[in-house]
Amino acid sequence: MSKPSDGSDRTDTRERELPIVRMRGVTKRFGDETVLDHLDLDVARGEKVAIIGSSGSGKSTILRITIALEGIDEGRVEIDGESLFTMPGKGSDRVGAGADEVPADERHKRRLRERVGIVFQHFNLFPHMTALRNITEAPVRVLGLSREEAGARGRKLLARVGLSGKESAHPAQLSGGQQQRVAIARALAMQPEIMLFDEVTSGLDPEWVGEVLNVLRDLAHQDSEESMTMLIVTHQMRFAEDIADRVLFLDGGRIVEDGPPEQIFSAPEEARTREFLDTVLNA
Amino acid sequence: MHSVIQFLSTSWGVLEVLVAEGLPVTVAILAGGTVVAVVAALAAGLGRVSRIAPWRWLSTSYVEAFRGTSALVQLFWFYFALPRLGITLSAMTVGIVVLGLNTGSYGAEVVRGAIQAVPGGQWEAATALGFTRGQTMRRVVLPQAAIRMIPPAGNLLIELLKNTALALTIGLTEITFRAQALRSETLDTAEIFTVALLLYFVLAQGLSFGMRRLERRLAAGRDGYPGEAAAS
Amino acid sequence: MTWDWSYTWQIVPALLRGLVVTLEATFLGFAFALVVGLLWAMIRRGAPGLLRTAVVWFVEFIRSTPLLVQLFFIYYVLPQWGLVLSPLVAGVLGLGLHYSAYTAEVYRSGIDAVPKGQWDAATALGFGRLETLWRIVLPQAIPPIIPALGNRLIAIFKDSPLLAVITVTELLQQAKLLGAENFRYLEPLTLVGVIFLILSLISSRFVRWMEVWSEQAV
C-alpha cells in the first residue's frame, strides 16, 4: 500500500486496520460512456492521496461517489467498513459476499456523508450568506450546534485559512482564492474524517493558486495524528509530489499506476504514465 | 359503487349534449378567432418593427389597448357599447373578431420577438447580396422566425380556446353556455362541470399535439431537428 | 356625439366602489397564487413519485381549462359537497388556484436557474432536500423572478372581471348594473375599459422597470 513519509513501522498497524475508503469493482457509466471501469481502491486512514490524470478519466467521479453525490452502476463502495453502495455486477462475477443491491436511500447516504467533506472546483459558496454564515450554517442546521458554538468554530477556521476579519464579507466581495479558502473552512467545520479536494485550484486565476495550495499543505502537515484522510484531485504536480503519501494515475476509468510520489513522478513504471507526465510537465 | 355508475352515466349524457350542441359553436369561434388572430398578429408584429411610422404607431396602439384590458371587458364593450356608436354586430361576429383581436395582440409580440431573434448577420448578408428590406423579410427572416413562433403560438391558441367560454356572456351557445343551461334544467352540477372541464382539457391537449407536429414538420432537415428530411 | 358627460361623472362613485372590490379580489387571489404555486413547485422538486405526478397533471389541467368554468365549479358544485362560499371568496379561490398553476411555472424556472453546484454543496454538507430548497436555493431563486410574478399579478387583475359572472360586484359587474339601470352601456363600459387600460399600463411599466433594475443589480 503506501509508505509512511517518516519511515516508521506504522505501516504494519495501518495495513492491518480497515481501509477508510474501499472500492471494489466500481463501474460508473454516463449514458454510453464508461467513466470508471471495475476500479479497485483502498485508502488507509490518514493517507494523503493525490489523483492525477487527463480530463474525463474519472477522477472527479471517484470523489463524487465517495460523498454519494453520484451512485455507481456496479461494484461496492465502503466507508470505514460500512457499505455505502453495493451494486451486484452483471453476469457471473458478482461482487461482495452475498451482495444484495444497496442503492442507498437518502438517510443512509446522509449518515455516511457526515464523515466526508468536499471542496469543489467552483467553490459553490452560498452567495446570499456571509463567509461566517456559509461556514456555520451546516453545523447549526445539520449537526445541531448552537449559533455561538458554531460561530466560535467558524472564526477559528477562518483564522486557520488566513481570513480573520472576513467574517461578514459576502462571496461576491471576496477574491477567488479567498472564496475557495472559505469553502475549505466550510467543509472543515463539519469535522469530517475524509476530505475530498476536486481540482480546487483549476478554477482560479494564477495569482490565487498559491494561497489555496498553502492551506492544503498546512492541513496535510499539521495532521500529526494522521487522522485526516485526504483525496486530492489535482493538476499541480509539484504540489502533489510535495504533500502526497501516494499518487494514483487514472486513465480511461482505471488506475493505471499507484505508488509513492518518488516513483510516479521520477520513475514511472507504466508507459501511459510517462506519456501523460510528458504532456503535462512539458506543456 | 352504484353512485359511481350513476355519476358515469349522467356524465355521458352531459358529454353528449356538450359535444353535440356546444362543441360546434366553440370550434366556430376558435377557428374564426384564429384566422383573425393570425392576420392581426402578423400585421401588428411586422408593424412594430416597421420603418413606416403610422403603421408602427397603429400597431403599438392596438397591441397596448387589447393587451391592457381583459377579453371579457372587450367582449362586453363591442357587444353592448358599440351599438351606441351606431355599429351593431351579431354575437358571433363580436365573439370571433374581439377574441381574435385579443389573441392577436399577444401574438403580435410573439411575431416581433421571433423576428428580432433572427441573428443580425442574416440581415447583413441579405443586404450585401442586394436584397431589399421587403425581400429580406419575406425570403430570409420570416422563414427563420416562423419556427420560433410555433411554441408560444401554441400557448396562445390554448388561451383562445379558454376565452371562447367567455362568449357565453354575450349569448353564444358554446360549451360553457350549454353547461350552464343544463345546470338550470337538472341538478347534476358536479357531472356537468367536471365533464365540461375534461372536454376543454382534451381539446387543449389536442391543440398542443397538433402544434408540436406542425413544429416538427417546419423544422424538418434543420440543425438539431431530425424530422422527415433526415429520415432517409 | 352620443356621449353623455354628466352621466359619466354620475356613475364614477359606483364604479370606484367596484374598483375596490376588483383590487381586493386581485391582491387576495395573487397572495393565494403565490403561496399555493410555491407549494406546487416544491412538490415537483422534492416529493415522492406518485404525489409529484398527481401535482404535475393537476397543474396542467388547471392551466389548460377555462378559468370561467373553474369558477363555476367552485361556485356551483362545491356547495353540493357541503362547502358554500360567498361569491367573493369563491372568486378569490378560483383566481388563486388558476394562477397558482402559472406561478408554479415561474418558481420552477427560478429554481432551475440556480446553479447545480449549490445543490451539490448543500447536499455534501448534509442538508436534506427540503432544507436545501428552503434555505439555500429559494433565497437565490426568487429575486430574479419577481418581475415575472409581477406580470402574473397584472394577468390576475385583467381576469378579475370574470368574477362578475358569479355575481361579484367588481368593476365590470358595476358597469353592467349601471348600464341595465339606465339603459346606457356606452359610458360605463368605456370607462371600465379605460380604467383597466390605465392601471395595467402603469403596472406594466413598473414591472418592466423592475426587470431592468434587477438586471442592473446583478
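## A walk through three chains

Val247(A) stands opposite Gly259(A) in strand E10 of chain A. Start from that pair. The model is predicted: local features need pLDDT of at least 70, side-chain atom pairs count only at pLDDT 80 or more, and totals for chains, interfaces and linings use all residues. Residues are numbered from 1 along each chain as its sequence is written, while chains are lettered from A and ligands numbered from 1 in the order in which they are written.

Now widen the view around that pair. Strand E9 (residues 246-251) of chain A and strand E10 (residues 254-259) of chain A pair in the antiparallel sense, over five bridges. Strands pair if DSSP finds at least two bridges between them. Helices (H or I, at least four residues) and strands (E, at least two) are themselves DSSP runs, numbered from the N terminus. Asp251(A) has Arg254(A) in E10(A) as its bridge partner. Together E9(A) and E10(A) make a hairpin, with two residues between them. In its turn, Gly252(A) has a positive phi of about 55 degrees.

What is the order of the strands in the open sheet of chain A? The six strands run E6-E7-E8-E3-E9-E10, and their pairing is mixed. Strand E6 (116-119) and E10 of chain A stand at the edges. Each has a single partner strand, so one side of each is left without a neighbour in the sheet. Direction ignored, neighbouring strands are turned by 20 degrees against each other on average. Helix H6 (residues 176-188) of chain A packs on this sheet, touching E6 and strand E7 (194-198) of chain A. The direction of H6(A) makes about 170 degrees with that of E6(A). Angles run from 0 to 180 degrees between N-to-C directions, and axes are lines fitted to C-alpha atoms, for helices over the stretch in contact.

Step back to the whole of chain A. The chain has 10 helices and 10 strands. Of its 283 residues, 46% count as buried (20 or more other C-beta atoms within 10 Å of a residue's own, with C-beta atoms placed from the backbone).

Chain B is built from eight helices and zero strands. Along its principal axes, the C-alpha trace of chain B spans about 75 × 60 × 20 Å. Buried residues make up 40% of the 232 residues in chain B. Take contacts in chain B between residues at least 6 apart in sequence: 75% join residues at least 24 apart. A contact here means that C-beta atoms, placed from the backbone, lie within 7 Å.

How do two of these helices meet? Helix H1 (residues 2-48) of chain B and helix H6 (residues 133-164) of chain B pack at an angle of about 135 degrees, with axes 9 Å apart. H1(B) and H6(B) are therefore oblique to each other (angles under 35 degrees count as roughly parallel, over 145 as roughly antiparallel, 65 to 115 as roughly perpendicular and the rest as oblique). Residues of H1(B) in this contact include Thr26(B), Ile29(B) and Gly33(B), and those of H6(B) include Leu157(B) and Thr164(B). The contact divides into six nonpolar, four polar and no charged residues. Ala, Val, Leu, Ile, Met, Phe, Trp, Tyr, Cys and Pro count as nonpolar, Asp, Glu, Lys and Arg as charged, and the others, Gly among them, as polar.

Finally, look where chain C touches chain A. The contact takes 13 residues from chain C and 16 residues from chain A. On the side of chain C, helix H5 (116-125) and helix H6 (129-159) are the elements that give two or more residues. H5(C) gives the most, with seven residues. That side of chain C divides into six nonpolar, five polar and two charged residues.

Technical notes: Contact = placed C-beta atoms within 7 Å. Buried ≥ 20, exposed ≤ 12 C-beta atoms within 10 Å, placed from the backbone.
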